[in-house]
Amino acid sequence: MRRLIIILIFLTASVWLGLTIVKHPGYVFIVSQPVMVQMPLWFACLAMLVILSLFYFLVDSIDRMQFWWFRVKNWFRIRREHQSYSKTQNGMALLIEGRWSKAERMLLQGADKGIEPLMNYLGAARAAQELQAFDRRDNYLRKAHRVNPGAELAIGLTQAELEIEQNQLEKAAATLNRIRGLSRRHPQVLKMLEKVYVRLADWQSLSMLLPDLRKAKVLNDAQLIHFEQTLHCETLREAGAKDRNLLQRVWSDLPRSARKNPEVVLVYVKQLLSFGEQAAAEEIIRYTLKYNWQPELATIYGTFTFENLNRQLVIAGAWVKMYGPKPELMLFLGKTCAKIQLWGKAKDYFIKCLEQVPSPEAALEYGKLLEHLGEKDEAMLEYREVLTALAAAK
């Protein structure tokens with residue numbers, strides 16, 4: 001019913017419009033000298049409607065053509081990207097498998113068709129490195145930087161890693177220091193720099209790197225303690241190999257905690273003894289063993305020559321109370337008692353030492369003591385133990 005009413009209204013309006021046009025036709029004049037065109041108003045409206053319709057269909061056709069052209073181009077692009085992705089994936093798989101030549105070829109093919117070929121060039125650089133093609137490797141790294149200058153950190157890390165593998169440690173250090181300007185406390189950069197400096201034995205650079213390693217938390221607490229200890233020890237060894245004054249300056253510049261570390265003190269003592277500084281070594285050993293036990297320091301202390309042996313008995317006795325009957329202390333006390341003719345005590349100390357560890361030196365000293373006391377058979381047994389231990393050591 002509603003549709004019928006609408007149709008009747010439309011027909012009525014059409015009839016009314018037709019009658020109005022017939023009764024009042026109206027005219028449209030278009031004048032452009034010397035031409036003048038005259039047409040009825042209804043014809044002009046109809047013509048305008050036809051022209052607008054044609055224009056609409058023309059514009060719509062152009063839009064449709066552009067849309068289909070976009071779809072075609074997009075299809076080709078997606079197909080090209082898929083091929084590039086496939087070649088890149090195959091190339092990376094071959095790289096992991098160690099098939100360097102084929103991996104390099106596939107990665108380059110993927111780079112030619114890819115939109116972001118950075119990883120392709122980095123992978124190709126690694127493959128070229130394994131093939132000993134260093135010129136190609138450097139060329140791929142330059143191409144990687146050219147296609148993506150913003151990835152300088154990733155490119156630099158790859159370059160440094162390849163240089164380290166080739167044992168170009170100085171070049172790797174220069175590369176890492178260059179990219180370190182982009183991110184001063186980047187963990188991977190710091191880790192690689194630490195390894196390079198250790199292999200170069202560049203302890204001064206490592207010392208300068210240490211604050212950043214600590215702040216970046218690259219190493220855990222235990223690793224950091226070991227790293228600092230190793231650094232200080234190597235710095236002292238390097239200084240001791242050059243000059244006594246330099247050794248003293250380096251020791252004075254160490255943090256107080258390092259100067260209390262028994263392992264660091266041990267290295268310093270050995271360097272002092274290489275310059276004949278027994279008095280200074282003795283003093284620092286006594287100070288260190290007052291707070292921390294270090295068996296090798298006690299062994300070195302036992303090799304010194306002392307004037308006041310009774311004082312040394314008191315000092316060593318205090319260490320025994322602090323750390324227990326350590327074999328190094330038992331040996332030192334036994335040798336000292338023997339020198340001041342306390343034979344019974346010396347014998348007890350040597351026996352306690354040998355009960356803990358089969359020491360050739362203790363057995364030799366004990367054998368000398370037994371021989372001095374007239375117990376030659378027992379002395380011969382101890383000497384035999386010394387020879388057996390020495391033969392086993394060889």
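Reader: At what angle do helix α8 and helix α9 pack?

Author: This is a predicted model. Two packed helices are described by the angle between their axes and the distance between the axes. Helix α8 covers residues 187-200 and helix α9 covers residues 203-216. Their axes lie 10 Å apart, and the packing angle is about 155°.

Reader: Is α8 roughly parallel or roughly antiparallel to α9?

Author: The angle between α8 and α9 is about 155°. Angles over 145 degrees count as roughly antiparallel. Therefore α8 is, relative to α9, roughly antiparallel.

Reader: Is the crossing of α8 and α9 left-handed or right-handed?

Author: The angle of about 155° is one part of the description of α8 and α9. The handedness is another: the crossing of these helices is left-handed.

Reader: How many nonpolar residues does the contact of α8 with α9 have?

Author: Helix α8 contributes Leu190, Leu193, Glu194, Tyr197 and Val198. From α9 come Trp203, Ser205, Leu206, Leu209, Asp212, Leu213 and Ala216. By class, the contact has 2 charged residues, 1 polar residue and, as for nonpolar residues, 9.

Reader: Are the rings of tryptophan 251 and tyrosine 268 stacked or tilted?

Author: The structure holds 9 aromatic pairs, and tryptophan 251 with tyrosine 268 is one of them. The ring centres are 4.0 Å apart, and the planes are at 0°. Planes under 30 degrees apart count as stacked, so this pair is stacked.

Reader: Is tyrosine 268 buried or exposed?

Author: Buried means under 20% relative accessible area. Tryptophan 251, at 9%, is buried. Tyrosine 268 has 4% relative accessibility, so tyrosine 268 counts as buried.

Reader: Are the rings of tryptophan 293 and tyrosine 323 stacked or tilted?

Author: Tryptophan 293 lies in the loop between α14 and α15, while tyrosine 323 belongs to helix α16, 30 residues apart. Their ring centres are 5.3 Å apart. The planes are at 45°, so the pair is tilted.

Reader: What percentage of the residues of the protein count as buried?

Author: The protein has 20 helices and 2 strands. Its residues number 394, and the share that count as buried is 34%.

Methods. Residues numbered from 1 in each chain as written. Predicted model: local features only at pLDDT ≥ 70, side-chain atom pairs only at ≥ 80, totals over all residues. Heavy atoms only, no water. Axes fitted to C-alpha atoms, helices over the stretch in contact; angles between N-to-C directions. Helix = DSSP H or I, 4+ residues; strand = E, 2+ residues; numbered from the N terminus. Parallel < 35°, antiparallel > 145°, perpendicular 65-115°, else oblique. Left-handed = near helix turned anticlockwise from the far one by under 90°. Contact = heavy atoms within 4.5 Å. Nonpolar A, V, L, I, M, F, W, Y, C, P; charged D, E, K, R; others polar. Phe/Tyr/Trp six-rings, centres within 6.5 Å; stacked < 30°, edge-to-face > 60°. Buried < 20%, exposed > 50% of the residue type's maximum accessible area, 1.4 Å probe, protein only.
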